[in-house]
Amino acid sequence: MKSRDESLEIIERALAAAAGDEADAVLCSVDRNISRFANSNLHQNMSEISAELTLRVVADSRIGVASTTGFEPEEIRRIAKLALDAARRGKPLPHFRGLVREAGSLADLPTFDEETASLPILRKAESLRAVFDEGARRDVHFAGSWSTASASITTGNSHGLRRHAPLTFADAVVIAGAGNGSGFATRIDRRASRVDLFTLAAEATEKATMLPGQTAVEIEPGAYDVILEPAALAEIFEWMNMITFSGQSYEDGSSFFVDHLGQRVVGENVSLADNPLDEDFMPFPFDMEGVAKRQVLLIEEGVARTPVVDKVMSDRLGLPLTGHAAALGSEDHGTALHLSLAGGETTREELIAGTERGIWVTRFHYLNGLLEPKTALMTGMTRDGTFLIENGRVTRRLVNLRWTQPMIEAFSNITGLSRERRGIGSWWNPIGGAIAPTVRIRDWKITGVQKS
């Protein structure tokens, strides 16, 4: 991971090399270790130290972007020329009034944890060995990954804006297999001490070994109460980020926010924000344009408030700048990197106990969120722990189920949210993720089963 001084020096050289009317630059530097395992064996341990510089140039309201992993003066001059050439060949951006000048003051946030940054690889391997040994005693095998990283992000522009922040994260995914059953658990945090591999393995094992001796059964298609854990909701939120919350989806008319800002669009018990200031979940102080982060309400007690926008889309739509540039030149023009669904007043166990007939879902996979963006209609499969609930009790293990469901309807049918929330990571988002409770939703549409 590059130091603050070294990072700022690279930013200065990039801005000095840039021609055109304006320029801004981002340097992302990371030192990451990932341990992958399968069949209770550590089969890959990889460490990577890398950095990437992205330079954006504005010329006559046209934008060009170029990136490099080399930082020699000659290479920086090369990408500066590429960015300017791209800008000159681009189309003028309507209503664009230039790069950020007023970016706000930064919150003082605990983004970096020294213990996580210096966690020895051997200690990670020892933790995995303890998990594998415990699994062997129960005839359970494990697969998954265990990542830790230290990184830094540095931004600057030709108007004198300079930002730098170090960060760490720890992210574990554990899949337990026992006979025909499987279970899943995951967590992400700035601090490795809060990502307990043994606890996650025990959680996954509980689902893999639940209802021993049973063969998973099919269930008739239809509308069911479902209990969705945070990992399942995080998959939904990733798609909603693109089709509902982004500036581009709002501008092109595909978001169900269009013509509904200030109106109730889902149930009153739904409050969804982008909250990078939550010190208990992956805090970070600024976006890639250097704009100070703040909590932004997307849906407040069921009412649509705003999409998230970068400077280009803020100018184009006439919406307040929210500080959501995830990358210079991003086509989404706004991405929520810290999605946060407010919790309720119950527990997962109480949600199950209060369900007469329903389905408990651990997580989803193979989601497709592009069926009908205006209603956020999605389809997908359940995975690694799907159970039938009857009269408040878990009675059967179910095969993986196909579902097709408009999320605008689902989020209008939430009948319970847990107090406990969990942070869930994503492969593409090293800065944040999603934090959510477990929820119960009425009339979720099950359309079929997985055929082997």
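## The largest cavity and strand S17

Helix H6 (230-245), strand S16 (414-426) and strand S17 each contribute at least two residues to the lining of the largest cavity. Helices (H or I, at least four residues) and strands (E, at least two) are DSSP runs, numbered from the N terminus. This is a predicted model, in which local features need pLDDT of at least 70 and side-chain atom pairs count only at pLDDT 80 or more, while totals for chains, interfaces and linings use all residues. Residues are numbered from 1 along each chain as its sequence is written, and side-chain values use heavy atoms, with hydrogens and water left out.

One cavity of 30 Å³ or more is present, and the largest cavity holds about 90 Å³ of space. A cavity is a set of points on a 1 Å grid over the protein atoms alone where a 1.4 Å probe fits but cannot get out; lining residues have an atom within 4 Å of a point. Grid points are joined across faces, edges and corners, and the volume is the space filled by probe spheres set on the points. The lining has 13 residues, and Glu238, Trp428, Asn429, Gly433 and Ala434 lie nearest the centre. H6 gives the largest share of this lining, four residues. By type, the lining consists of seven nonpolar, five polar and one charged residue, where Ala, Val, Leu, Ile, Met, Phe, Trp, Tyr, Cys and Pro count as nonpolar, Asp, Glu, Lys and Arg as charged, and the others, Gly among them, as polar.

S17 is mostly covered, with 16 of its 21 residues buried; buried means under 20% relative accessible area with a 1.4 Å probe, protein chains only.

| Strand paired with S17 | Sense | Bridges | Residues standing opposite |
|---|---|---|---|
| S7 (residues 222-228) | antiparallel | six | Tyr224 and Trp444 |
| S11 (residues 338-341) | parallel | three | Ser340 and Ile435 |
| S15 (residues 401-406) | antiparallel | three | Leu401 and Val449 |
| S16 (414-426) | antiparallel | eight | Gly416 and Arg440 |

A hairpin of two residues connects S16 to S17. S15 also pairs with strand S13 (residues 377-390), in the antiparallel sense over five bridges, and Met378 has Gln405 in S15 as its bridge partner.

Within S17 (residues 429-449) lies Thr438, which counts as buried because its relative accessibility is 7%. Its contacts (heavy atoms within 4.5 Å), leaving aside residues up to four places away in sequence, include Ile227, Pro230, Arg348 and Gly416.

## Aromatic pairs

There are nine aromatic pairs in the structure. The rings of Phe364 and Trp403 form a tilted pair, because their centres are 4.7 Å apart and their planes stand at 45 degrees. This pair links distant parts of the chain, with Phe364 in strand S12 (residues 357-372) and Trp403 in strand S15, 39 residues apart. Phe364 also forms a stacked pair with Trp444, at 6.0 Å centre to centre and 15 degrees between the planes. Here Phe364 in S12 is linked to Trp444 in S17, 80 residues apart. Phe364 and Trp403 are both buried, and Trp444 is buried too. Rings of Phe, Tyr and Trp (its six-membered ring) pair if their centres lie within 6.5 Å; planes under 30 degrees apart count as stacked, over 60 as edge-to-face and the rest as tilted. Elsewhere, ring pairs join Phe245, Phe256 and Phe257 into a cluster.

Key:
Buried means under 20% relative accessible area, exposed over 50%, partly exposed in between (1.4 Å probe, protein chains only). On a 1 Å grid over the protein atoms alone, a cavity is a set of points where a 1.4 Å probe fits but cannot get out, and a pocket is an open set with protein on both sides within 12 Å along at least five of seven lines; lining residues have an atom within 4 Å of a point. Two strands pair if DSSP finds at least two bridges between them.
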